[in-house]
Amino acid sequence: MTDTTGRRRFAEEARAERPDLALLCLLIAAEADPGLDERGFDAAQIELDDLAGQLPALDRHAAPRLWAEALAGLLGGRYGFRGSPADYRRLESSLLDEVLRRRRGLPILLSVVWLEVARRAGAPVYGVALPGHFVVGFGDPYGPHALADPFDGGRVISEEEAGLLVAGATGTPLSATAFSPAEPLEIVLRVLNNIRAWAAARPERSGVQLWAVELSLLLPSHPARLRYERAELLVERGEFQRGARELEEYADVIAPVEPEAAETVRRQARAARALLN
């Protein structure tokens, strides 16, 4: 799959009425591994289907905790899906095909596995984008529900325990809105943010940071500052002319509300062009 084909497909899927979360995550993985093709996509989707087929038969209206425990028993117990601190140091922990292969990943990618398997089995499931630690909810987000932590093998947790997880990761308390369901594109943007952060800490992997930014820019809703990050990366990677042009375009966007910041960005653009001489 070429970069152009993959990105066009990513943009189209992101604008679909019901975006396919698994497909979008696989298209992200294909940026990291150009060898991941349609056959690899199909294999991942088939594995998710197969895992769903191994869940015990439960009615959609079964107690949320029963659904949570069934997923934990299958994915965390029988197949060993879980995470560890070491997984934060690996790019593979943010790539769905690798998480399915290794049975290891970041909380959000493990949650994607839980979400996709549970959804295929007919469970009332949703993602919960807690600050610093993604988990999965079963049942009614505004009524009876159960929370599970895929990073800990799917352990069922209370909202109080979730608050402790967040406090440990961020040092801040939870608000009531933190338990609202996360939409698929929110999840995708957070996956890409994790990849950007991973690559930003490794200057030699600026190419990874660049494609993560560029995919984020294809989402219907994204932070405007990503345009500035892309321009900076282009300059860092020696594409001075393109980087300078995009810095100037970003300066034009922010000038009406942040004139001083816009002038700083224009100075960066002039400095980038000077490197051409």
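Author: Strand 1 and strand 2 (residues 133-139) form a hairpin with 2 residues between them, and Gly-132 in the turn has a positive phi of about 80°. Strands (E, at least two residues) and helices (H or I, at least four) are DSSP runs numbered from the N terminus. This is a predicted model, in which local features need pLDDT of at least 70 and side-chain atom pairs count only at pLDDT 80 or more, while totals for chains, interfaces and linings use all residues. Residues are numbered from 1 along each chain as its sequence is written, and side-chain values use heavy atoms, with hydrogens and water left out.

Reader: In which sense do strand 1 and strand 2 pair?

Author: Two strands pair if DSSP finds at least two bridges between them. Strand 1 and strand 2 are joined over 6 bridges, and Leu-130 has His-133 in strand 2 as its bridge partner. The sense of the pairing between strand 1 and strand 2 is antiparallel.

Reader: Which residue in strand 5 stands opposite Val-128?

Author: Strand 1 is also joined to strand 5 (residues 181-182), by 2 bridges, and these strands run antiparallel. In strand 5, the residue opposite Val-128 is Pro-181.

Reader: How many residues of strand 1 are buried?

Author: Buried means under 20% relative accessible area, exposed over 50%, and partly exposed in between, with a 1.4 Å probe and protein chains only. Strand 1 covers residues 125-130 and is mostly covered, its buried residues being 5 of 6.

Reader: Where is Arg-103?

Author: Arg-103 is not a glycine, although its phi is positive, at about 65°. Its place is in the loop between helix 5 (96-102) and helix 6 (107-120).
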